[in-house]
Every structure is written in C-alpha cells, then in structure tokens.
Amino acid sequence: MSAHIINGKEIVASIREVIKQEVQELVIQGKQPGLAVVLVGDDSASAVYVRNKAKACEEVGIYSEVHRLPTDTSETELLSLIGSLNNDDRIHGILVQLPLPAHINESMVIDMISISKDVDCFHPINVGNLLIGKPALLPCTPAGVMEILHTLNEPIAGKHAVVVGRSNIVGKPMALLLLREDATVTICHSKTKNLQEITRQADILIAAVGRAKMITKDHVKPGAIVIDVGMNRDEHGKLCGDVDFADVAQSAGYLSSVPGCVGPMTITMLLRNTLEAARHAQASV
Ligand code: NDP
C-alpha cells in the first residue's frame, strides 16, 4: 500500500483564488485589506518568511508593509510602533515575526496588538476565544491543517486524532480545532511514554515536533492520515519535515509533503485572516 500524497499546491491555489476575488470586492468598495509585518533583527529564516508573506499579499491584492527594525530596537520603540499600527485604518492585520531578540518581552508585544488585528491569533483573548469556541480569527498553521483535512473528504468526527507537540502556536490550538470538529484528541509531547504505541492508534496523526524525520512507519497505523507540520533541515541541510516521508509513504493512507503543503497553507490562512479582519472593520464602521 502506498499513501495518497496530498496536493498542497492545488489546495493552496484554489483557496488563494477565492481570497483574491473577495479582496477584489473589498477593493471595489474602497476598502483594501492591509497587513503590517514587523521584523526585528536580521535572522535570515525570519527574513525569508517575511518576504514570502509580503509576496503572497501582493498576489491576492492585499496591501502590505514591512517594518524592518534593527536588532537593538528597544521594547518601548517596538510597542510604540504597534500602538500606531493599531490606530492605522489602512492596516487590518498586524504580524510580529517571532522570535524576537532576547531583550524584548515577547508576550508584552503580543498583548499590545489590537485583538481585532491579531491575524496570528496569539493574543491571550483570541486564544481564550478559541478555547471556549467563540467565533474569532483562527491561528494560521492549525487552521491550515484543518483546511487540508477538509479537502480529503474523510470524516473527522469520532476519529482518533493524535497531535505530537504541545506548543502554544501549533500543538495546543491544533488539538482544540480537531476537538471542535468532534475528533477524540490525544496530545503527546517530550515526556510522553511509549509514543509509538499512542501514535499507532491515530486515524489522524499531526506531527508538530521540530525533529527531522522522527515519525517513521513504526509510528503510523496503516491507512492513517498523516499531516507533517515540521520544518527542519536534514543531515545534508535539505528542508524536511518531522515525518520520514519515504518510510511513512509506504503505509499511510494520506500524507502531506514538506515543503509544499502546511507551510504555504499557513501563509494562505494569514491572507484569509487579514481579509476577515478587514471585513470585520468595515462592518463595524
Ligand atoms: P516547539 O519547539 O515550540 O514545540 C515542539 C513540541 O514538540 C513541544 O511540545 C515538545 O514537547 C514536543 N517534542 C519535542 N521532542 C519530542 C519528542 N521526542 N517526542 C514527542 N514530542 C516532542 O515547536 P513548534 O510547535 O513551534 O513547531 C514545531 C515544528 O513545526 C517545527 O519544525 C517548526 O519549524 C514547524 N512549524 C511549521 C510551521 C509552518 O508554517 N509549516 C509553522 C510553525 C511551526 P515539550 O512541550 O514537552 O517540550
């Protein structure tokens, strides 16, 4: 048996086409959605992510501006920039690229972002809304994984979903979104005992660990849906996921690839959140 490899490119293209049309409708009404991305320091991976986000905005007609600040920017300066973006009517979404330099308190910066412009969904109030199931913007990576799952036309309700990883930006919100769609959810982490025994029970397995190729065929129930969130470098410096693709492809039912699936879906959800935030701003005028 060999896995159906999920066509991330096709899914991303079709969602971005819809977003593009909906952005166009707002532009016609004189309300172009706008995203501000803030990058502090010169981390090369962050610079690439920020460039990709700006390019994706341009492709769908979202206005974007990138604020590149030096590494020695003070916390006060950064908070003041966010304050002015909060009050800027052209800007509907604010994204501060993480990680920030060590002298800046990350949670203070996230707390400063207006809840209605928090397109990453990192603000504690938005996280709380997600927890209690109140409608709100959804965190981009987990929302992107749910979109991928929806394209498979396989039921989620009643399925056993196992999420490996419990970070605030991926693992925990991922588990909540699966729970919201009535999956039975197990969360695993670095202290989990007998990981393989648990992951082998999964109908849907989400790997969000940050360890190159750690999920092998032995972790996967034959026929399971496996979504790889990981973005790592292998021993040759090549981009790879948390899943050993060649090995797991032999027995999984569906498998996502790295790169080309969850990464571009995450950016697509950022575009959608910016569009949603702009619509919301328009409705509340
Ligand atoms: P974190 O480092 O914040 O979290 C990793 C999680 O994995 C932790 O909960 C940790 O457990 C758990 N873990 C570590 N080692 C093991 C192990 N041996 N067995 C089981 N669990 C383990 O990472 P993120 O959640 O931020 O990211 C995870 C991966 O997803 C990374 O590769 C990252 O690059 C990628 N990513 C990709 C995105 C995309 O757009 N495609 C977006 C965001 C992330 P514990 O809590 O106990 O330490």
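Strands are DSSP runs of E of at least two residues and helices are runs of H or I of at least four, both numbered from the N terminus. The structure described here is a predicted model, and the elements named below follow that numbering.

The ligand is surrounded by 21 residues, of which Arg166, Ser167, Ser190, Arg211 and Met231 are the closest. By class, this shell comprises 10 polar, 9 nonpolar and 2 charged residues. The element that contributes the most to the shell is helix 10, spanning residues 262-283, which supplies 3 residues. In the side chain of Arg166, an N or O atom lies 2.7 Å from a ligand oxygen. A polar backbone atom of Met231 is placed 2.9 Å from an oxygen atom of the ligand, and for Asn232 a polar side-chain atom is found 3.2 Å from a ligand oxygen. On its own, the ligand has 930 Å² of accessible area, and the protein covers 71% of this area.

An open sheet is formed by 3 strands in the order 3-2-4, with parallel pairing. Strand 3 (63-69) and strand 4 are the edge strands, each pairing on one side only. On average, neighbouring strands of this sheet are turned by 15° against each other, direction ignored. Strands of a sheet pair through backbone hydrogen bonds, in either a parallel or an antiparallel sense. Between strand 2 (residues 34-40) and strand 4, the parallel pairing extends over 4 bridges. Within this pairing, Ala36 has Ile94 of strand 4 as its bridge partner, while Val38 stands opposite Val96 of strand 4.

The side chains of a regular strand alternate between the two faces of the sheet. In strand 4, Gly93 and Leu95 lie on one side and Ile94 and Val96 on the other, and all of these residues are buried. Both faces of strand 4 are therefore covered, since a residue under 20% relative accessible area counts as buried.

One runs from Leu98 to Pro99, with omega near 0°. Pro99 belongs to the loop that connects strand 4 (93-96) with helix 4 (106-112). Another cis peptide bond joins Val258 and Pro259, where omega is about 0°. Pro259 is located in the loop between strand 11 (254-255) and helix 10, and helix 10 is the element that gives the most residues to the ligand shell.

Positive backbone phi values in residues other than glycine were also examined. Asn153 has a phi near 55° and is situated in the loop between helix 6 (140-151) and strand 5 (160-164). Asn153 is classed as exposed because its relative accessible area is 70%, the cut-off for this class being over 50%. Lys213 likewise has a positive phi, near 55°, and its position is in the loop between strand 7 (204-207) and strand 8 (225-228). With a relative accessibility of 32%, Lys213 is therefore assigned to the partly exposed class, which lies between the limits of 20% and 50%.

Note on methods. Residues numbered from 1 in each chain as written. Predicted model: local features only at pLDDT ≥ 70, side-chain atom pairs only at ≥ 80, totals over all residues. Heavy atoms only, no water. Near = heavy atom within 4 Å. Polar contact = N/O pair within 3.5 Å; in protein donor to acceptor, adjacent residues only side chain to side chain. Areas by Shrake-Rupley, 256 points an atom, 1.4 Å probe, with all protein chains shown as cover. Nonpolar A, V, L, I, M, F, W, Y, C, P; charged D, E, K, R; others polar. Buried < 20%, exposed > 50% of the residue type's maximum accessible area, 1.4 Å probe, protein only. Pairing = 2+ DSSP bridges. Axes fitted to C-alpha atoms, helices over the stretch in contact; angles between N-to-C directions.
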